[in-house]
Amino acid sequence: YDESYRGPVTLRDAMEQSLNIPFARVGMTVGADRIVETARQLGISSPLQAVPSIALGSSEVTLLELVRAYGVLANSGKLVPSRTVLGVRVAGGEIETDTTIPTARAVVDPAVAYLVTSALQGVVRRGTGRGLDVNGRLGDVAGKTGTSNNWRDAWFVAYTPTLVVGVW
């Protein structure tokens, strides 16, 4: 139930519209320690405080960590180490690329990754991320918006099975 939304809401509605009250309640039920543990499994390494507001994103993390965490969902539950340099061009030469394939590690049940992705596709279709695909041409893009108090900071992460993009 969310007073600002004027009545009962599903978790999908809460996700799509970024409603805090339902997620605060879920966070209290699940427990802050389990939320921190899940964040660690998704590749978040920044200090996280196991406090009730952790379900709303009260701890600071880097954009790279967010992209890596959403990448787990994009990759059917597998965490892949981040790579920031994919190739180097030497003066007058060809691009030398790193062809090493990093080892992926399963950290989330693929069915869970699928269900969360489905809800996050709703964020882009009907929710706070709908401006990304106003013409409906991007297909099954999933994404999530996030803000700090008074919109001092805002971020958006969007993904498909082959690409994850984060904007701060």
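**Entry 1**

I looked up tyrosine 70 and found it buried, because its relative accessible area is 13% (buried means under 20%, exposed over 50%, and partly exposed in between, with a 1.4 Å probe and protein chains only). The model is predicted, so I note that local features need pLDDT of at least 70 and side-chain atom pairs count only at pLDDT 80 or more, while totals for chains, interfaces and linings use all residues. Residues are numbered from 1 along each chain as its sequence is written, and side-chain values use heavy atoms, with hydrogens and water left out.

I then searched for aromatic pairs (rings of Phe, Tyr and Trp, the last by its six-membered ring, with centres within 6.5 Å; planes under 30 degrees apart are stacked, over 60 edge-to-face, and the rest tilted). The search gave two aromatic pairs. The ring centres of tyrosine 70 and tryptophan 155 are 6.4 Å apart and the planes stand at 55°, so I recorded this pair as tilted. It links distant parts of the chain, with tyrosine 70 in helix α4 (residues 63–74) and tryptophan 155 in strand β6 (residues 154–160), 85 residues apart. I take helices (H or I, at least four residues) and strands (E, at least two) as DSSP runs, numbered from the N terminus. Tryptophan 155 is partly exposed, at a relative accessible area of 24%.

For tyrosine 70 and tyrosine 159, I found centres 6.2 Å apart and planes at 50°, so this pair is tilted. Here too distant parts of the chain are linked: tyrosine 70 belongs to helix α4 and tyrosine 159 to strand β6, 89 residues apart. I note that Tyr70, Trp155 and Tyr159 form one aromatic cluster.

**Entry 2. Surroundings of tyrosine 159**

Tyrosine 159 counts as buried, with 2% relative accessibility. I listed its contacts (heavy atoms within 4.5 Å), leaving aside neighbours within four places in sequence: Tyr70, Leu73, Ala74, Thr117, Leu120, Asp140, Val141, Ala142 and Val164. I also checked the C-alpha atoms of tyrosine 159 and asparagine 75, which are 9.8 Å apart although the residues are separated by 84 residues along the chain.

**Entry 3. Helix α5**

How does the span of helix α5 (residues 110–126) agree with 1.5 Å a residue? The 17 residues should span 24 Å, and I find the end C-alpha atoms 24 Å apart, which agrees; the expected span is 1.5 Å times one less than the number of residues. In α5 I found Ala113, Thr117, Ser118, Ala119, Leu120, Gln121, Gly122, Val123 and Val124 buried. These buried residues pack against α1, α4, β5 (142–147) and β6.

**Entry 4. Salt bridges**

I searched the whole structure for salt bridges (a side-chain nitrogen of Lys or Arg within 4 Å of a carboxyl oxygen of Asp or Glu) and found two. One joins arginine 126 to glutamate 16, with the closest N and O atoms 2.6 Å apart. This pair links distant parts of the chain, arginine 126 in helix α5 and glutamate 16 in helix α1, 110 residues apart. Arginine 126 is partly exposed, at 43% relative accessible area, whereas glutamate 16 is buried, at 5%. Not counting residues up to four places away in sequence, I find glutamate 16 touching Ala119, Gly122, Val123, Arg126, Gly127 and Thr128.

Aspartate 140 forms a salt bridge with arginine 125, and the closest N and O atoms are 2.6 Å apart. I place aspartate 140 in the loop between α5 and β5 and arginine 125 in helix α5, 15 residues apart. Both ends are partly exposed: aspartate 140 has a relative accessible area of 49% and arginine 125 one of 44%.

**Entry 5. Positive phi values**

I looked for residues other than glycine with positive phi. Serine 18 has a phi near 55° and sits in the loop between α1 and α2 (20–30). I find serine 18 partly exposed, with 30% relative accessible area. Serine 76 also has a positive phi, of about 55°, and lies in the loop between α4 and β1 (78–79). Its relative accessible area is 44%, so I count serine 76 as partly exposed.

**Entry 6. A nonpolar surface patch**

Which residues form a nonpolar patch on the surface? I found Leu11, Val26 and Val30, with about 210 Å² of accessible area together. Patches are made of residues with over 30% relative accessible area and no salt bridge, like charges being joined within 9 Å and nonpolar side chains (Val, Leu, Ile, Met, Phe, Trp, Tyr) within 5 Å. Accessible areas come from the Shrake-Rupley method with a 1.4 Å probe, and for residues only the protein chains shown count as cover. Leucine 11 belongs to helix α1 (residues 11–17) and is partly exposed, at 48% relative accessible area.
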